[in-house]
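Hi,

Here is the structure I promised to pass on.

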Amino acid sequence: GTNTFKEKVFFTKTPQKTSDLGEKFAAELKSGDIVFLKGDLGSGKTTFTQGVVKAFGNKGFARSSSFMLVNEYNADGIKLFHIDLYRLKLSSVWDIGIEEYLYSGNISLIEWADRLVGAENDNRWNVEIENTADTERKIKIEKKK
Ligand code: ADP
Ligand code: MG
């Protein structure tokens with residue numbers, strides 16, 4: 001079975017710390033990686049992603065032409081796709097050509113990735129964020145191996 005994960009847990013006390021963690025985590029990412037961001041609305045998925053984007057130089061922002069759910073960043077030879085499926089109906093996930101992002105050899109971070117049933121892939125990370133107190137978040141990072 002290949003469904004075992006290397007797992008690390010972090011606690012952050014401020015949004016800045018969550019962004020900092022995303023910035024550090026970015027160093028682990030390589031071409032073809034897909035990051036599933038899980039957690040309730042307001043848990044910090046976007047905040048974490050902003051740190052990742054910062055690490056990649058925070059440049060070349062483009063809103064994807066194909067649909068409004070993807071923000072695209074260019075970082076010297078690789079693209080970073082920030083995909084938010086929150087407003088997407090479950091049935092339309094595979095109608096939007098999302099596989100062109102996921103399997104493009106770039107890096108995709110996906111909020112509400114639980115709507116992406118069937119996107120199994122060996123280069124997958126799970127980042128699960130839990131609201132443990134007012135401004136405290138538990139952040140579990142797992143790598144599929
Ligand atoms: P999501 O994308 O999961 O809906 P956001 O990142 O947009 O969540 O929002 C997270 C909210 O929680 C922000 O308002 C942020 O200021 C707040 N917050 C408070 N403490 C933290 C923390 N430790 N980490 C991340 N966000 C936090
Ligand atoms: Mg968000």
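Let me start with the ligand. H2 gives the most to the shell around ligand 1, with 3 residues; helices and strands here are DSSP runs (H or I of at least four residues for helices, E of at least two for strands), numbered from the N terminus. In all, 16 residues surround ligand 1, and the closest are Thr 18, Gly 42, Lys 45, Thr 46 and Thr 47. A residue is near the ligand if one of its heavy atoms lies within 4 Å of it.

Before going on, a word on what you are looking at. This is a predicted model, so local features need pLDDT of at least 70 and side-chain atom pairs count only at pLDDT 80 or more, while totals for chains, interfaces and linings use all residues. Residues are numbered from 1 along each chain as its sequence is written, chains are lettered from A and ligands numbered from 1 in the order in which they are written, and side-chain values use heavy atoms, with hydrogens and water left out.

An oxygen atom of ligand 1 sits 2.7 Å from a polar side-chain atom of Lys 45, and a backbone N or O atom of Gly 42 is 2.8 Å from an oxygen atom of the ligand. The side chain of Glu 111 also has an N or O atom 3.1 Å from an oxygen atom of ligand 1. On its own, ligand 1 has 580 Å² of accessible area, and the protein covers 74% of that (Shrake-Rupley method with a 1.4 Å probe; for residues, only the protein chains shown count as cover). The elements that give two or more residues to the shell are helix H1 (15-25) and helix H2 (45-55). By residue class, the shell divides into 2 nonpolar, 9 polar and 5 charged.

Now the two helices themselves. The buried residues of H2 are Lys 45, Phe 48, Thr 49, Gly 51, Val 52 and Val 53 (buried means under 20% relative accessible area, exposed over 50%, partly exposed in between, with a 1.4 Å probe and protein chains only). Just after H2, Gly 57 has a positive phi of about 100 degrees. Over in helix H1 you will find Ser 19, which is buried at a relative accessible area of 12%. Leaving aside neighbours within four places in sequence, Ser 19 is in contact with Thr 47, Gln 50 and Gly 51, where contact means heavy atoms within 4.5 Å.

The side chain of Thr 12 makes a polar contact with the side chain of Thr 18 at 2.7 Å. A polar contact is a pair of N or O atoms within 3.5 Å; within protein, one must be able to donate a hydrogen and the other to accept it, and residues adjacent in sequence count only if both atoms are side-chain atoms. Not counting residues up to four places away in sequence, Thr 12 touches Lys 17, Thr 18, Leu 21, Thr 135, Glu 136, Arg 137 and Ile 139.

Next, a hairpin. S4 and strand S5 (residues 78-84) pair in the antiparallel sense over 6 bridges; strands pair if DSSP finds at least two bridges between them. Val 70 has Ile 83 of S5 as its bridge partner. There are 2 residues between the strands, and Asp 76 in the turn has a positive phi of about 25 degrees. Strand S4 (residues 70-75) is mostly covered, with 5 of its 6 residues buried.

Leu 88, in the loop between S5 and helix H3 (99-102), counts as buried at 13% relative accessibility. Trp 112, in the loop between strand S6 (107-111) and strand S7 (124-133), is buried at 15% and has a positive phi near 60 degrees, in a residue other than glycine.

Finally, the whole chain: 3 helices and 8 strands, in the order β-α-β-α-β-β-β-α-β-β-β. Of its 145 residues, 48% count as buried.

Cheers

Definitions and conventions. Ala, Val, Leu, Ile, Met, Phe, Trp, Tyr, Cys and Pro count as nonpolar, Asp, Glu, Lys and Arg as charged, and the others, Gly among them, as polar.
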